[in-house]
Amino acid sequence: MPEESTTPDLVERLRLFFAAASRRDLDTLATFYASDAVLDLSDLGLATYDGLDAIRAFVEDWFRSYAEYEVSADEILHLGENVILTINTQMARLPGSSGFVRPHDAYVFLFEDGLIARHTPYRDIDAARAADERLAGERG
């Protein structure tokens with residue numbers, strides 16, 4: 001079983017990333033991504049967004065669709081060079097609704113020069129683990 005990352009700078013960056021997402025702080029979130037980053041939402045049946053401007057526009061729309069939104073990383077695992085898997089819980093409420101949705105999902109992050117170069121969410125946590133291990137193996 002993988003241990004929590006021994007690279008605290010990337011782990012700490014992701015903790016700050018999730019805190020900014022829960023605050024819906026788009027300006028701070030943008031500082032975590034490389035200018036040519038990719039947000040690949042294809043596993044969720046959504047599009048792939050290339051570049052910081054496209055990612056920011058998507059995230060802004062995503063946040064706007066919820067009256068309340070919070071996301072937390074329940075686990076942060078570092079399986080290879082600059083490749084990190086997070087297991088997450090989101091809690092969101094649509095406008096006009098009293099109920100919350102609480103999806104449990106996973107993200108695979110690829111970092112380059114301390115910035116997120118690729119961010120890929122997965123509904124299936126086991127599929128995310130397999131993708132993370134594959135990517136980590138490719139990167140050494």
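Ala-73 stands opposite Asn-88 in β4. The model is predicted: local features need pLDDT of at least 70, side-chain atom pairs count only at pLDDT 80 or more, and totals for chains, interfaces and linings use all residues. Residues are numbered from 1 along each chain as its sequence is written, and side-chain values use heavy atoms, without hydrogens and water.

Helices (H or I, at least four residues) and strands (E, at least two) are DSSP runs numbered from the N terminus; two strands pair if DSSP finds at least two bridges between them. The order β2-β1-β6-β5-β4-β3 describes an open sheet of 6 strands with mixed pairing. Because β2 (48-50) and β3 (68-80) stand at the edges with a single partner strand each, one side of each has no neighbour in the sheet. From one strand to the next the twist averages 20 degrees, with axes fitted as lines to C-alpha atoms (for helices over the stretch in contact) and angles from 0 to 180 degrees between N-to-C directions.

| Strand pair | Sense | Bridges |
|---|---|---|
| β3 and β4 | antiparallel | 11 bridges |
| β4 and β5 | antiparallel | 7 bridges |
| β5 and β6 | antiparallel | 7 bridges |

Thr-89 has His-104 in β5 as its bridge partner, and Glu-112 has Leu-115 in β6. The hairpin of β5 and β6 has 2 residues between the strands, and Asp-113 in the turn has a positive phi of about 55 degrees.

Strand β5 (residues 104-112) is largely enclosed by the rest of the structure, because 7 of its 9 residues are buried (under 20% relative accessible area, 1.4 Å probe, protein chains only). Helix α4 (residues 125-139) lies across β3, β4, β5 and β6, at about 15 degrees to β5.

Note on methods
Buried means under 20% relative accessible area, exposed over 50%, partly exposed in between (1.4 Å probe, protein chains only). Contact means heavy atoms within 4.5 Å.
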